[in-house]
Amino acid sequence: MVLDTYDALVVGGGISGMQSALDLANQGYRVALVERSESIGGKMIQLSKVFPTLDCCSCITTPKMSAVAHHHGIQLFTYSEVQQILEDSDGFHVDILKKPRYVRDDLCTGCRQCEYACPIYVPNPYDLELSATKAVRVPFSTAVPQTAVLDIENCLFCGKCEKACPVDAIDLAQAPEIKHLRATTIVLATGYEITQRDAKAEYGAGRLPNVIDGLMMERLLAPTGPYGRVLRPGDGKEPESIAYVQCAGSRDETLGVEYCSRVCCMYAIKQAMLISGSLPLADITIYYMDIRTFGKGYEQFYQNARTMGVEFVKGKVASITQDENQNLVLRLEAMDGKPEVAERTHDLVVLSVGMLPQYDPKTLYAVSPAEDGFVQQPSPNLAPSLTDRHGIFVAGTAAGPMDIVDSIVMAGAAAASAAGYIEERLMRTNEQVPESPVMEVTHG
Amino acid sequence: MDDGSAPRAVDENQQADADNDCKLVARTLARLPNVVVSRTNMSMCSDSGQSIIEQDIKELGVNRVVIGACAPSLHEATFRQTVERAGLNRYYYHHVGLREQDSWVHGHDRILATEKAIRLMAAGIAKARLLEPLEAIRLPAEKHALVIGGGVAGLKAALAIARRDMRVTLIEKTPFLGGRMAQLERIFPSGEHARTVLGGLIHEVADHPRITIHVGTQLTSISGYVGDFKIQLTKQSRGVTPEQAEQLMDCCSQYVPDEFNYGLTQRKVIYRPYDGCYPSLPAVDWEHYDGSPITCGSERIVLKNDPETLDLSAGAVVVATGFNPYEPAAGEYGYGVIPEVITLPQLIRKLALLEAGASLEINGHPVRDIVMLHCVGSRQIEGVHEPQPDGQVNDYCSRVCCTATMYECIELKERFPEINLFDVHEDIRTYGRGHEEFYRQTLEDGTVMLRYQGENPPVVEALPSGDSHPLVVRLRDRLTWGEEVEVPADLVVLAVGMMPRLVNDLVEMLKISPGKDRFLLEVHPKLRPVETSVSGVVLAGTAQGPMSIQESAAAAEAAAAKVACLLSQGRVELEPFVARVNPELCEGTGACVEVCAYENAISLRTIRQNGSEKRHAVVSPANCSGCGNCVSACPHGAIDVQGWTLKQFDAMVDGLAIDMFDVLEVEK
Amino acid sequence: MMGTVSARERSEMLKELRQQHQATVDRTQTLLREQKKIHQAICKALKEEERTAPEIAELLELSPAEALWHLTALKRYNIIAESDMRGEYFLYRMADQEAG
Amino acid sequence: MSMETKNHNTKILILATLSGGYAGADSVGQLHVDYAPNTYILPVMCPSMFPEDFYLRAFERGMDAIIVMYSGTDSPYKGGPERTAKLINGTYERMKTLGIDTRRLRLTAICTVCTKPFLKEVQQMNSLLEEIGPVRSDFSKKSEESIVS
């Protein structure tokens, strides 16, 4: 069988995977990029604006998505998952499962006629279910590719989308496909999950509609978000008093998450600044243990927020309950300046949830996770993108919590390591030309 | 189809953050001559936004595109590619920065901000009418990089570039490789020994066939451009030969404070910083050597520095010049005045110099109580902290000091279990992978945590002799709800932050910029995180900002990836913004040649035309910088900078001056 | 040009698929009926007068969160639109016909 | 929408180098600091390309002030800043003969992170314009003849 051959396979189409793919393809390597969801862009494309520059997030992400999609050296596999990996002397042999979209990607133009025609409303995953979409839809306005996907689990099989489609792209008979490819090296850029909103019983176990997580607030703040403004999901009230609970899911032994998630301080501060921009009269309070604004320009950002009037209270939130008006009562321990336990009421509470590993890399990639569940870095200081399997490298939050800036830098590092590995392999192959006997490789 | 005789412009006006009324801008611009279509879009730079542009080009015959959006430094290149994909020349695109220079800065006056947007766009459209198709200048690139700095970032960058099949010249100002990392002992999070890990890296670099190392070497001049920088290096003499080195070092009797131990010890002016250093051959410290002869047996030897000049060309430059620990001012928390106040780097050296099993003493007294004080030289607040002599206040966080302090607390407790530790901080920022573990361990070890508010920093004072302790630290502790706390101490350790190494000469030569914090500035933290404003000059490690070893190594590899992207194809593309002579108008006055500061950029040639000889100016694009000195000098208006012509500028001024009542729709 | 499937073949195929996915079809048909009922009730209420999410919730005996979700859904597809504020809540009205 | 407000009758043209003033103005934008909106910034590579006539023509076209924000000693262009200074000085002479207040043209070095100097320049030029009025008041003192041949 003839296989598609690539220099590198990048697993994950979030910001790290895209950056690694671009950094490899721009060096002239052939790259396959596999993304399991319908569009590349990862979690970053769901964000509103990014710290500390307050650039609109899509201004940073969408051009990279576009560059990946149009790059001659990159083959994109969206809505696809790696099924199996085998290794021989030629490198890695990879089976990729292309999930059925039930829409032909060679025909679909992303016109959304099917979406308008579809009668079934379903919770929109892009808006973390705060808004609705249809059972057949283009995932979001800036999705790459702009190809619709049909959610077969919620399909009526009414045929309305088929009738509406001007190019006959709907194909309800589509079946999963397996693609085989060969790659010299693999970069894992598989990202993270956020702490589940129901992780902590003390914080309402996910049952209080006005206790949301940081990612939901990103959607509320995004111009394309569910309400187009900040309203509380419980009843649509414009909040006047908003609380942030820091370390909700990080540095918490009861959840088995002992590490710091690195981004929550900054995203809470950023959101607070954005909210005070759109709701100037709202009071915003951030309850924290330590403020960790350690990146370039971050401390200055924090001090700006303090100057703008965001209230920072050092105190541990012990519990959150809801009153009859859907307002939330926070019980605070060891509050700043006051030894007693205090209660405070807010309209809306944002849990600054942390980052969790996505999956166990051992099963599929034979790459070991560390105790924290993220991909282990056997040489953490000098070669942070190395994994314990030769030829497989790691980029971004697959190797633990980090922010976008650090992810992008690490994606570059993974690309450099992968490039070095590809060159070593090439050198070895070149040295094995028939006339000369197999030689010892001195630099490798 | 467009016949090319009637240029058209399309305006794509992105609502970046707008208070501006983008739609009004778009409707107004649609009325300008040649404008075929004028749109607003939330994210023109997204793939779907870009397809709208492609579609307009293909379906409406649009042949000039103007977009008003974020700064051109961010997305001009993106949109040039878009129009190119649709079949237009990439220079038929013009970008107007409306976000940073309008909507973000005129929030208080929406009407005037809108007017400004209209005028700026009208100017852009005016320029677009006069745009010409241009071709990028393609030049061969040296697959060779110069790496400046022999610390961990420079070493990692050099190795990663060399592995990518390119040559590297690595230069280090001091006579030895290793940088700041060599001064550390055990490093977090792995607990490995710093110099062991570093030694492995140095030997990989030193053994690599494509890497040339020059120690004691600095950049003295640079010219040229990405792909072909002409570089001059100056290399100090080693001062000693392998045959005489050991003997000379033995005989040498001039001592200076040893910077390797942050002045805690002395060393000779012929020295090795540490055992196992690279190169292993000792070197003469020319800065401190007083020139007097060294008596060795019957011989009296005067050491001579005969610096050597090296010339080379390289396609790219990696700046990995590293950091200095913050040096507290005399009297800052007692430093330099009270001998029992030392910095964290000094503590690390002090513990390294102390024999195993020996007890910890300072100034001849046993140490019982230690205060670790965070954020010295970091997170400074104007008006609270004394500015540095140049007026600088370090308002940034230095990232590594919290974890480094926790790590030292653990070592202190391990080696001297009877010592009491007090950790005085504003926040504990053990953010890194595995770092929280060290915080927890410190707490378990019984270290007492005290927390102050940034505006109200602690005070360190000497106690009168005869007191139980030489010092006391006073603070208002937030953990006990604002109680005034006094901690008597035998030793106060200042966790000093990071400062960029001052490399003003280098910054000036390379034409790169430092940021407000004086660390070197990247173009954009997310879009171009390791690039500087000068194409081909990239940043690696702590020259750019505080970083841990891990972060420096990652940044260095990212810099290497960028170098590989630039050079691995063996050629670079430069913008075609160079001078161009109109032979019809040129009278051969030579005024242009006179004002040009670039060698061989413009010259006069004699040509035969219609039987008579004529002199006229000829530009060599590879040597032209596009400054335009010649443009203003030409008495006949025969020269222009391609893509930036005087006519285009005149048209833009006209665009800015349009009469608003002519173009605005009248509200009924 | 691609060969097109005839309308007859298409409806045959749909029928087959419906049989294959009987459980899904049963579930989604129930869902569709409920959604239609709610959406019709919302539209009827908004044709009478502009209302807030809690008011719709009370009228339709839904939780305010559910009411908001449906309003958001209808707004997204330009069936209804956001109007002015009443107190701390936004009012919703039927969308202008041309806006669809 | 009406465009008439009382401060709106002046225009400041800012010629800003990509390696200096233009990037500096972007830095101000990133800080979201408000300043007067009568400021029209055009990017230039190096202002040494502009002959004296260019500035005079711009005044004639109704630019009430021109600030050239070049890169000064940080300029990536050899000889560019010196030549710019020479051309501006030449322009001053011609402005004098035409009766245009020479304070309307200003050459200043602005670096990529010079946010405060940028704001100060804009503020100072606006104060000046409040004092001396729009450029046509200078022209009306002189004859009707065109200033650029």
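Student: Which way is the disulfide of D:Cys111 and D:Cys114 handed?

Tutor: Keep in mind that we're looking at a predicted model. The torsion about the S-S bond of D:Cys111 and D:Cys114 is about 110 degrees. That angle is why this disulfide is right-handed.

Student: Okay, and how far apart are the sulfur atoms of D:Cys111 and D:Cys114?

Tutor: To call a pair a disulfide, the two sulfur atoms must be within 2.5 Å. D:Cys111 and D:Cys114 do form one, with their sulfurs sitting apart by 2.3 Å.

Student: Is D:Cys114 buried or exposed?

Tutor: Buried means under 20% relative accessible area. D:Cys114 has 15% relative accessibility, so it counts as buried.

Student: Over in chain A, which cysteine has the sulfur nearest to that of A:Cys114?

Tutor: A:Cys114 is buried, with a relative accessible area of 9%. A:Cys114 is in no disulfide, and the nearest cysteine sulfur is 6.3 Å away. That sulfur belongs to A:Cys108.

Student: And how far is the sulfur of A:Cys165 from the closest cysteine sulfur?

Tutor: A:Cys165 is buried too, at 13% relative accessible area. The closest cysteine sulfur is in A:Cys111, and it's too far for a bond. The distance is 6.1 Å.

Student: What does B:Cys251 join up with?

Tutor: B:Cys251 is partly exposed, with a relative accessible area of 24%. A disulfide, 2.1 Å from S to S, links B:Cys251 to B:Cys296.

Student: How many residues apart in sequence are the parts that this pair ties together?

Tutor: B:Cys251 lies in helix H8 (residues 245–251) of chain B. B:Cys296 lies in strand S17 (residues 294–296) of chain B. So the pair ties together parts whose separation in sequence, in residues, is 45.

Student: Let's switch to the open sheet in chain A. What is the order of its strands?

Tutor: This open sheet has 5 strands, and their pairing is parallel. At its edges are strand S14 (211–213) and strand S17 (311–314) of chain A, each pairing on one side only. The order is S14-S21-S15-S16-S17.

Student: What is the bridge partner of A:Ile242 in S16(A)?

Tutor: Strand S15 (residues 241–248) and strand S16 (residues 283–288) of chain A run parallel, joined by 5 bridges. In S16(A), the partner of A:Ile242 is A:Ile284.

Definitions and conventions:
Residues are numbered from 1 along each chain as its sequence is written. Chains are lettered from A and ligands numbered from 1 in the order in which they are written. This is a predicted model: local features need pLDDT of at least 70, side-chain atom pairs count only at pLDDT 80 or more; totals for chains, interfaces and linings use all residues. Side-chain values use heavy atoms; hydrogens and water are left out. Helices (H or I, at least four residues) and strands (E, at least two) are DSSP runs, numbered from the N terminus. Buried means under 20% relative accessible area, exposed over 50%, partly exposed in between (1.4 Å probe, protein chains only). Two strands pair if DSSP finds at least two bridges between them.
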